[in-house]
Amino acid sequence: MKPQDDWRRARNLTVSEWRLLRRHGRALLAVAVLHVLLTLLLWWQGALQLPPVLLVAVTAGLLVPGLVYLILVESGLTADWREPSLSMPAALVLLLAFLVTAFGLNEARSSALMLFFPLLLLVSFRLGARSLLRLAVLASVGYLLMLAVAAWDHGVRLSLTLEALQWLVFTLVSVSFAVTGSGVNGLRRRLAEKNQALADALEQVRDLAIRDDLTGLFNRRHILQVLEHQKGLADGGIYPFSVCYVDLDYFKAINDAFGHGWGDRVLRDFADFALADLRGGDYLARLGGEEFIMVLPQSDLEGAELAAERLRQGWGERDFRALNGPPKVSLSAGVACYRPGETVDQLIARADHALYLAKSQGRNRVCREKT
Ligand SMILES: Nc1nc2c(ncn2[C@@H]2O[C@H](COP(=O)(O)OP(=O)(O)OP(=O)(O)O)[C@@H](O)[C@H]2O)c(=O)[nH]1
């Protein structure tokens, strides 16, 4: 497992969330690199009148934090922060760089601010409506301040009408991008919620398809698939496995004497008891009625017999009389070990036959297949 997988799991991020987060971080860095290239090009062409110290500040001020930012996001260090993509601080740094470059341009100053619009759209995937509007307003105010500093610094009269017009257009477009972006964000959030609900529903459907309603154990269909899988492993020489066919004794008498409700309760109790008794890698399913099957990977006949015997003894001590229920309910079991090449049906039939022996020898016992 890669280290990134570790932190993603630890912080409960889904694979797609994690991918989106990384993609977002790279896109923000791409905007920064694009702006640096644009700034250098304008400077090289002589269109940008920035003192070298400011030029270096824009370049280094974007590239160095950009690199730190990329490392933070990619390594997952920010994953459990409130906003793991750090969109707001990243957008503020970029906005500052846009404004500094715009400061160095004269008539074409608003062209340096064009990248602010894709930036707004980009961060709208992460920020809410309020943050986006705040960002747009901040950019507008920043633009005004930059104009004031430019007028003071350049010592030339700016074309007030033109500058005011450009500022107004910038502000209106920023606000409309922020509004559109927050709409996109809302849609994305609703889509994510719907996807989650769909994933939960699919999980439930999957669970319903493989589980028995009454006990919550695997059902017959699923355990047959498990058996086919185990057969494949055993045929490939990976490890042997055994099955244990279990049947509660005189169950009809419990229904008759205590009612169907008690019968159901005993079945559920048995399921819980047997599950707790099994090893981690073992499987338990209800085949129907009061019949169950255990699949025991990496167990030979002796191992399976021991497991079945332990279950028989433990379960045999359960007594429901204190709850006005039935007395002890014993079980009979038949165990069989998979023989390479045989079918799953043949294996189950051999375990069923061993169960038949246990029943015919008086019940409350475990019998192994006839060899
Ligand atoms: N309460 C309840 N009873 C069930 C359920 N499914 C099957 N049964 C009952 O289980 C009983 C099984 O009876 P039998 O097959 O005669 O077996 P038994 O009485 O356990 O006798 P042996 O197996 O020979 O020891 C029947 O009365 C079924 O109606 C169920 O989901 N809930």
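This is a predicted model: local features need pLDDT of at least 70, side-chain atom pairs count only at pLDDT 80 or more; totals for chains, interfaces and linings use all residues.
**Exercise 1. Find how far apart the end C-alpha atoms of residues 85–105 lie, and how much of the span is helix.**

Step 1: The end C-alpha atoms of residues 85–105 are 31 Å apart.
Step 2: The span is 86% helix and 0% strand, where helices (H or I, at least four residues) and strands (E, at least two) are DSSP runs, numbered from the N terminus.
Step 3: UniProt, in an unreviewed entry, lists residues 85–105 among its "transmembrane region" features; such annotations may be inferred rather than shown by experiment, and their positions follow the numbering used here, with feature names shortened.

Residues are numbered from 1 along each chain as its sequence is written.

**Exercise 2. Work out whether valine 93 is buried, exposed or partly exposed.**

Step 1: Locate valine 93 in helix 4 (residues 87–104).
Step 2: Recall the cut-offs: a residue is buried if 20 or more other C-beta atoms lie within 10 Å of its own, exposed if 12 or fewer, and partly exposed in between, with C-beta atoms placed from the backbone.
Step 3: Valine 93 has 18 other C-beta atoms within 10 Å, so it is partly exposed.
Step 4: Leaving out residues up to four places away in sequence, valine 93 touches Leu62 and Pro65; contact here means C-beta atoms within 7 Å. The C-alpha atoms of valine 93 and leucine 62 are separated by 7.3 Å, although the two are 31 residues apart along the chain.

**Exercise 3. Identify the residues with the most contacts inside the largest nonpolar core.**

Step 1: A nonpolar core is a set of buried Ala, Val, Leu, Ile, Met, Phe, Trp, Tyr and Cys residues joined through C-beta atoms within 7 Å.
Step 2: The largest has 43 residues, and Cys244, Ile293, Met294 and Ala333 have the most contacts inside it.
Step 3: Strand 1 supplies the largest share of this core, six residues.
Step 4: Apart from it lies another core, of 35 residues, including Leu95 and Leu147.

**Exercise 4. Say which helix gives the most to the shell around the ligand.**

Step 1: The ligand is surrounded by 16 residues (C-beta atom, placed from the backbone, within 6 Å). Asp249, Phe251, Lys252, Gly263 and Gly289 are the closest.
Step 2: Helix 10 gives the most, with four residues.

Note on methods:
Two residues are in contact if their C-beta atoms, placed from the backbone, lie within 7 Å.
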